[in-house]
Amino acid sequence: MANRKFYIEYNLNNRLERITIRNWANVNRNFFPNYTFEDRQSNFPITHAISKLLQDQFGFQEIEQNLEVILRHPNVNFRF
């Protein structure tokens with residue numbers, strides 16, 4: 001489905017934070033050693049790769065509602 005927006009939601013200091021997953025990846029570059037992040041088009045992980053990493057390695061779950069895909073960890077106290 002086109003034009004969906006992807007977000008990650010996580011708990012930070014007992015407050016629910018929400019950020020686009022591409023911005024999260026940019027802040028957390030250490031999880032993506034195969035990318036230089038020099039150009040957001042050509043050397044930046046795609047949304048699907050970021051989503052897959054969050055689900056496969058950290059146990060995030062994908063929830064879709066109203067053209068938004070939210071990745072949320074079932075444990076509200078989860079920390080990276």
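## Salt bridges

Glutamate 9 and arginine 18 form a salt bridge in which the closest N and O atoms are 3.5 Å apart; the term denotes a side-chain nitrogen of Lys or Arg within 4 Å of a carboxyl oxygen of Asp or Glu. The model is predicted, so local features need pLDDT of at least 70 and side-chain atom pairs count only at pLDDT 80 or more, whereas totals for chains, interfaces and linings use all residues. Residues are numbered from 1 along each chain as its sequence is written, and side-chain values use heavy atoms, with hydrogens and water left out.

Across the whole structure, six salt bridges are found. The table lists some of them, including the pair above.

| Salt bridge | N to O distance |
|---|---|
| Glutamate 9 – arginine 18 | 3.5 Å |
| Arginine 15 – glutamate 17 | 3.3 Å |
| Arginine 18 – glutamate 68 | 2.6 Å |

Through shared partners, salt bridges join Glu9, Arg18, Glu68 and Arg72 into one network.

Glutamate 9 is buried, at 8% relative accessible area, while arginine 18 is partly exposed at 40%. Glutamate 68 is also partly exposed, at 23%, and arginine 15 is exposed, at 55%. Here, buried means under 20% relative accessible area, exposed over 50%, and partly exposed in between (1.4 Å probe, protein chains only).
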